Amino acid sequence: MSRSRTAMLQRIREAIAGTPEPAPVPRDYRHTGDHPPGSPAVVELLVDRLVDYRADVRVLAPDELPAAVADALRPSGSVVLADDAPAELVDAASASTTQLIVDRRSAPLSAADLDHIDAVLTTAAVAIAVTGTIVLNAGPGQGRRAITLVPDRHLVVLRADQIVETVPEAIARLEESDTRPLTMISGPSATSDIELSRVEGVHGPRTLIVLIVR
Amino acid sequence: MTTFLGIPRRSRPSGHGMGHNGLPDSPLRGHTSFPDAARSAVGNTQLRRNLGNATATIRAKRAAVVGELDDWEALRDAGSAVKQQVMARLPELLEQLEAQVTARGGVVHWAADADEANRIVAGLVENSLQPGDAREAVKVKSMATQEIGLNEYLEERGIEAFETDLAELIVQLGGDTPSHILVPAIHRNRSEIREIFLREMPDAPADLSDEPRRLAMAAREHLRRKFLSAKVAISGANFAIAETGTLAVVESEGNGRMCLTLPETLITVMGIEKLLPTFADLEVFLQLLPRSSTGERMNPYTSLWTGVTPGDGPQNFHLVLLDNGRTNALADEVGRAALHCIRCSACLNVCPVYERAGGHAYGSVYPGPIGAVLTPQLTGIDGHDDPNASLPYASSLCGACFDACPVKIDIPSLLVELRGRVVDADRDRTIPGGWDAAMRAASWVMSSGKRFTAAEKAMKAGRVLAGKKHKISSLPPPLSAWTTSRDLPEPPRQTFHQRWRAEHGSSDDAPAPGGEPR
Ligand code: SF4
């Protein structure tokens with residue numbers, strides 16, 4: 001191993017020598033919310049937060065999903081799905097007039113290919129109501145990170161039972177993701193770098209549409 | 001017009017400025033002392049107006065979203081305690097991180113100083129490029145790479161590093177240096193940005209207006225081709241989870257996701273203090289950081305990755321662990337406290353001195369209250385003529401930074417401690433003023449545990465003296481050198497030393513702090 005590794009570890013050990021065992025971490029903050037995952041109050045809170053970030057949000061009954069997907073995809077000429085997308089998403093997208101492209105892990109699309117695709121349709125792992133956050137963990141229907149990044153329109157389908165109220169509840173669920181990559185999305189990409197005035201849509205998808213199935 | 005910043009000054013034996021102080025060039029050290037640099041910044045009306053607007057806006061946003069959480073103080077307590085754990089267990093946590101990253105297909109490098117880190121990164125970039133590839137890399141905003149001057153180092157070797165944050169792009173195209181940890185172009189307004197884009201971006205539309213949306217879209221177009229073709233990306237990290245080997249980058253624009261996802265090779269440079277022990281600790285820090293920094297409930301994008309994921313994202317991942325003065329800081333109680341910093345910049349936005357002087361006056365990539373502590377800790381102070389010697393005085397000690405800090409760093413107490421050391425180190429002074437006498441007295445007291453404990457007891461009397469106003473407005477000489485130009489805040493109930501002792505055991509048998517001359 002490198003000389004610097006040995007030297008740095010040695011210097012750190014000397015620097016902290018004699019430091020008594022620090023106190024245990026007090027974790028008196030809220031772990032769970034006031035409302036159970038998927039409850040109407042939690043769904044309502046998530047909708048409120050996402051609208052605040054200027055995402056498009058709709059809450060639907062299961063049988064309304066195909067029409068809502070078709071509606072959301074209407075402006076897009078093409079849409080990409082992961083190769084493990086659930087049948088309901090594939091069916092909904094197939095029923096729309098938009099060209100459906102599947103990103104196969106065995107023959108993944110290049111970034112340049114993705115740049116010519118207008119939209120992406122995915123599921124998600126969990127959503128956090130209090131912060132308006134949708135988390136992808138490369139699970140079924142979510143695909144490689146590139147497919148939710150390059151196309152300009154991201155359509156996410158969430159089940160109500162995937163929505164928790166607090167950040168700690170979400171982190172607890174995500175611990176199961178092992179070491180898969182995680183992407184947390186709170187609204188469309190944005191910048192406040194010019195005189196702090198918020199501009200939605202810089203490099204990530206400029207439009208975020210969230211369909212919540214009750 | 002002169003602005004009195006409360007910094008004791010004495011005439012210098014010779015001229016000063018660029019290169020005259022004989023100190024090494026570093027992104028951590030300015031050429032001009034804080035009062036001199038601040039005077040010119042304060043005289044710049046445009047800069048002052050931009051800064052005033054920006055800091056006031058973020059302050060209000062932060063206050064609103066922090067007020068939404070009834071458990072904010074409990075989160076701060078947890079954040080502070082986690083960071084104490086990290087410092088106390090740093091060797092084992094670093095080894096754990098290294099083992100996890102390596103097990104997941106990443107390569108870990110250790111860099112003792114800026115030079116070594118730059119050499120490692122340049123070598124990795126060279127190795128990743130095939131003949132015929134453009135000699136370039138895309139970059140996502142990173143304090144660590146600014147601290148080591150990586151862009152300049154790469155440029156000297158014919159490798160162009162493209163900053164991809166909008167603000168960093170503005171700074172880079174404008175041939176400027178960042179003025180704020182979080183909003184580096186806070187000193188530029190929209191019309192200045194439009195001019196920079198038109199001048200420096202060959203593909204900027206000729207009819208570009210100064211509307212922020214149009215400016216952001218011009219930047220999107222400009223960078224998109226770079227993202228889609230880049231072979232190598234360089235990033236920093238906001239957090240590294242020892243338990244799992246997971247790294248986290250918190251951002252807004254999506255340029256971070258682009259850099260972390262599309263290129264074949266990813267090189268991440270990270271200060272060794274950025275660790276968190278467990279994945280679950282994210283539940284604390286992902287609440288503290290966005291609310292404190294941008295004043296948002298959550299930032300638009302957070303990316304977490306662990307080593308290499310086959311078929312998804314960069315297939316070569318290198319993590320460079322950077323010391324560059326951090327182990328020095330760690331040995332010192334002030335430095336160790338400063339290493340808890342998660343770079344949220346809340347302390348900058350609430351600081352009345354920063355609001356007026358701006359980030360450039362601090363002469364370091366780490367400006368503001370925490371910069372005034374961290375910069376001299378990382379570099380050391382090389383005598384009174386070192387511009388860094390003036391940094392601990394760049395504060396009115398109003399305490400706003402402590403209240404705002406999500407990990408509860410008691411910056412005012414740290415600054416007072418450092419002031420004592422600066423005066424004590426200044427041995428060749430000619431005419432001792434009242435200030436020097438007061439500070440030398442403080443330093444004499446602080447250099448001995450027993451004397452300091454006695455003085456701490458005396459500070460209780462100060463609380464009585466302060467009375468209902470919680471301010472001390474007049475003190476006898478030599479302390480009147482302080483109170484003639486401002487009120488002294490009431491001494492705290494518990495001093496930094498008392499807290500350190502309560503949390504870390506007796507300081508009397510601890511090794512002498514690094515900055516102490518004796
Ligand atoms: S010192 Fe505290 S408030 Fe200042 S940047 Fe660091 S974490 Fe934020």
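This is a short tour of a predicted two-chain model, stop by stop.

**Before you start**

Residues are numbered from 1 along each chain as its sequence is written, and chains are lettered from A, with ligands numbered from 1, in the order in which they are written. Because the model is predicted, local features need pLDDT of at least 70 and side-chain atom pairs count only at pLDDT 80 or more, while totals for chains, interfaces and linings use all residues; side-chain values use heavy atoms, with hydrogens and water left out.

**Stop 1: chain B as a whole**

Select chain B, where you will find 23 helices and 12 strands. Here helices (H or I, at least four residues) and strands (E, at least two) are DSSP runs, numbered from the N terminus. Of its 518 residues, 62% count as buried, where buried means under 20% relative accessible area, exposed over 50%, and partly exposed in between (1.4 Å probe, protein chains only). Consider the contacts (heavy atoms within 4.5 Å) in chain B between residues at least 6 apart in sequence: 73% of them join residues at least 24 apart.

**Stop 2: where the chains meet**

Now show both chains. The contact takes 92 residues from chain B and 72 residues from chain A. Together the two chains bury about 7,200 Å², 58% of it on carbon and sulfur atoms; buried area is the accessible area (1.4 Å probe) that two parts lose on being put together, summed over both. On the chain B side, select Arg220(B), Glu283(B) and Arg297(B): these lose the most area to chain A, together 9% of what that side buries.

Next, pick Asp152(A) and Arg220(B), whose side chains meet in a salt bridge (3.4 Å, N to O). The rule, a side-chain nitrogen of Lys or Arg within 4 Å of a carboxyl oxygen of Asp or Glu, finds 11 salt bridges across this interface. Helix 10 of chain B (residues 212–229) gives the most to the side of chain B that touches chain A, with 11 residues. That side divides into 48 nonpolar, 22 polar and 22 charged residues; Ala, Val, Leu, Ile, Met, Phe, Trp, Tyr, Cys and Pro count as nonpolar, Asp, Glu, Lys and Arg as charged, and the others, Gly among them, as polar.

**Stop 3: strands across the interface**

Select residues 182–185 of chain A and 301–306 of chain B. Each run is strand 9 of its chain, and the two pair in the antiparallel sense over four bridges (strands pair if DSSP finds at least two bridges between them). Within this pairing, Thr183(A) stands opposite Ser303(B).

**Stop 4: helix 8 of chain B**

Go to residues 166–173 of chain B. Seven of the eight residues of this helix are buried, so it is largely enclosed by the rest of the structure. Among the buried ones are Leu166(B), Glu168(B) and Leu173(B). The buried residues pack against strand 10 (190–191) of chain A, and also against helix 6 (143–147), strand 3 (160–163), helix 9 (190–200) and helix 10 of chain B. After the helix comes Gly175(B), whose phi is positive, near 65 degrees.

**Stop 5: two single residues**

Is Ala160(A) buried or exposed? At 10% relative accessibility, Ala160(A) counts as buried. Look for it in the loop between strand 7 (153–159) and strand 8 (163–164) of chain A. Beyond its neighbours within four places in sequence, Ala160(A) is in contact with Gly38(A), Val43(A), Ile212(A), Val213(A) and Arg214(A).

Finish at Arg48(B), in helix 2 (residues 45–67) of chain B. Arg48(B) is partly exposed, with a relative accessible area of 32%.
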